[in-house]
Amino acid sequence: MEQSISILIDALGVYMFIGLLFAFWFVTVGVKKLDVGAQGTPWHFKLILVPGSILLWPVLTWKLMAKNHE
Amino acid sequence: MGILAFVLGFTLLFFIGHIVLHPNATFETILIRNFGLLAFLLLHVILITGPLARLNNKFLIILYNRRHLGVTMFLMALIHGAFSIMNFHSLGDINPVKSVFLSNLRYDSLIHFPFQVLGFTALVVLALMAVTSHDFWLKNLGPKLWKALHMMVYIAYALILLHVVLGAVQNESSPVFFGSILIGFITVASFHLIAAFREKTVDMPIDGTGADFVKACMVSEIKENRAKIITVSGERVAIFKYDGKLSAVNNFCRHQGGPLGEGKIVDGCITCPWHGYQYLPENGQSPPPFTEKVETYQLKLDGDEVWIDPRPFPEGTAVAPIEIA
């Protein structure tokens, strides 16, 4: 049990690290592809999106891919 | 500003009271207890806001500020959680987050249950809701996913209740403490049950499975520039009367899930009572430049009786309003 919990928490750490990298790309480039309304928005608006991008990067990736296929 | 003043005032009073009653308590202990209690209280306010606003329009003002309350509550919970982890789990050689999960493995014991795991999990749920509270997320995640995500507040509440009760079992013996938790739970549950009961009696759910048209209501039941909300085939639908015409749209506002049928027609548009988002009754579309759309429904009249086709048209589909004779 201890080992399983330990692996799970390590996996969550990896998930968050990927999320962090994704968030940098998303708030600078990706957000404009997903929502044209985000073009030209101030930096503090994009800063608000960082925590959500870290936590929900798989959903955003899926949404961006769906948008590309439209 | 009001929320900040409340938080600062509460914190000041809590610190003074705690120092007087428990002079040996450390600063970290008071801090952890203060922000834990603040988050717990705010969560109760947040949970009863929805039912309260459904029961009485006067409470809509709290509903408008619910997301600010939610973010504030998360920040309070985050401070509580962060200081708890720093205080109890960061002094060893094991990763503090792992320590939360591994320092106590007595999941088979009610008295010694690892209650901090429940609090940590609740914090993750609250984080998901707090970081997606901006309208950007509602628009880009879609209303259904966003709503599902934010309905997880009830999972968070259950986890926090267990976290508080099981934690208190290990450290607290005051009946006042347990009584307060019980009163809080009964208050939340009662308001939800009363609002649900009232909604059910007003809605009169209609089973429209397989039917072309089902009877919805009488024209005389709908006030001018207002709506009658019905539940047909599990969906809440608002039938509006305006300018001698009737139109039906889905009751769920695409902005924050507000009840469109509790709003009114303003300048020819259905206006959500929560944040004023507007839709044209004949096609369910927000007037340009806005892009929100709701589903529309076909109506027909039989004398004074209003009948509705339970199958919705796709969001934003134009449906000619029916003229009231």
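Okay, let's start with chain B, where three strands make an open antiparallel sheet in the order β1-β10-β9. Strands here are DSSP runs of E, at least two residues, helices are H or I runs of at least four, and both are numbered from the N terminus; two strands pair if DSSP finds at least two bridges between them. The edges are β1 (214-218) and β9 (299-302) of chain B, each pairing on one side only. β9(B) runs antiparallel to β10 (305-308) of chain B, over four bridges, and Lys300(B) has Trp307(B) in β10(B) as its bridge partner.

Quick housekeeping: this is a predicted model, with local features needing pLDDT of at least 70 and side-chain atom pairs 80 or more, while totals for chains, interfaces and linings use all residues. Residues count from 1 along each chain as written, chains are lettered from A and ligands numbered from 1 in written order, and side-chain values use heavy atoms, without hydrogens or water.

Now, where do the chains touch? Contact means heavy atoms within 4.5 Å, and 19 residues of chain B meet 21 of chain A. Together they bury about 1700 Å², 80% of it on carbon and sulfur atoms; that's accessible area (1.4 Å probe) lost on being put together, summed over both parts. On the chain B side, Lys98(B), Phe136(B) and Trp137(B) lose the most, together 33% of what that side buries.

Lys98(B) also forms a salt bridge with Asp10(A), 3.0 Å from N to O. That term means a Lys or Arg side-chain nitrogen within 4 Å of an Asp or Glu carboxyl oxygen, and there are two between these chains. Finally, α7(B) gives the largest share of chain B's touching side, five residues.

Technical notes. Buried area is the accessible area (1.4 Å probe) that two parts lose on being put together, summed over both.
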